[in-house]
Amino acid sequence: VFTKIIKGEIPGEIVYQDDQCVVLMTIEPFTPGHCLVVPREQVDHLWDADDGLYRHLMEVAKKVANAMRQAYNYPRVGQIVEGFGVPHAHVHLFGLLQPIEATIADHVVNKRMATAEELREEAEKIRSALA
């Protein structure tokens with residue numbers, strides 16, 4: 001699914017992109033602004049990415065996390081790499097207002113899909129902070 005979004009075959013809200021990766025909003029956010037750093041190259045496991053791509057993904061994750069802190073005034077931004085669901089490596093970035101265990105538990109209990117409009121609005125907040 002990420003490759004199709006990257007190629008423009010299906011819609012997706014892109015926050016940032018360069019020649020090696022894109023940052024997409026996720027449709028099932030833990031917290032407002034939850035996004036994914038995804039390599040353009042379809043690598044199943046993050047740990048299989050070459051060292052240069054891995055470093056680049058982490059540099060982009062840091063840049064976007066700092067923009068999220070600014071845009072939302074989050075005291076912390078969490079990062080998770082879990083790899084289930086989509087056979088394309090990606091790094092989750094999400095704001096934390098409470099410990100991660102409580103954030104995930106809240107997400108499980110209150111899980112919902114974000115609308116396209118919500119994703120656009122949240123992406124714009126992050127894009128503005130990146131500028």
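**View 1. Thr-31 sits in the loop between β2 and β3.** The strands and helices named in these legends are DSSP runs numbered from the N terminus (strands: E, at least two residues; helices: H or I, at least four). This is a predicted model, in which local features need pLDDT of at least 70 and side-chain atom pairs count only at pLDDT 80 or more, while totals for chains, interfaces and linings use all residues. Residues are numbered from 1 along each chain as its sequence is written, and side-chain values use heavy atoms, with hydrogens and water left out. Is Thr-31 buried or exposed? With a relative accessibility of 13%, Thr-31 counts as buried, the cut-offs being under 20% relative accessible area for buried, over 50% for exposed and partly exposed in between (1.4 Å probe, protein chains only). Its side chain comes to 2.9 Å from the backbone oxygen of Gly-95. Beyond residues up to four places away in sequence, Thr-31 touches Tyr-74, Phe-94, Gly-95 and Thr-103, where contact means heavy atoms within 4.5 Å.

**View 2. Here is Leu-36, a residue of strand β3.** Leu-36 has a relative accessible area of 4%, so it is buried. Setting aside neighbours within four places in sequence, you will find Leu-36 in contact with Phe-2, Val-22, Val-23, Leu-24, Thr-26, His-90, Val-91 and His-92. Look for Leu-93 too: it is 57 residues from Leu-36 along the chain, yet their C-alpha atoms are separated by 6.1 Å.

**View 3. Five strands make up an open, antiparallel sheet.** Follow the strands in the order β1-β2-β3-β5-β4; two strands pair if DSSP finds at least two bridges between them. At the edges are β1 (14-17) and β4 (76-80), each pairing on one side only. From one strand to the next, the twist averages 20°. Three antiparallel bridges join β1 to β2 (residues 21-25), and Ile-14 has Leu-24 of β2 as its bridge partner.

**View 4. Helix α2 (residues 51-72) lies across the strands.** Axes are lines fitted to C-alpha atoms, for helices over the stretch in contact, and angles between N-to-C directions run from 0 to 180 degrees.

**View 5. In helix α4, Leu-119, Glu-122, Ala-123, Ile-126 and Ala-129 are buried.** They lie on the same side of α4, because they cover an arc of only 120° around the axis, taken from the directions from the helix axis to the C-beta atoms. The buried residues of α4 pack against β1, β2, β3 and α2.

Definitions and conventions. A polar contact is a pair of N or O atoms within 3.5 Å; within protein, one must be able to donate a hydrogen and the other to accept it, and residues adjacent in sequence count only if both atoms are side-chain atoms.
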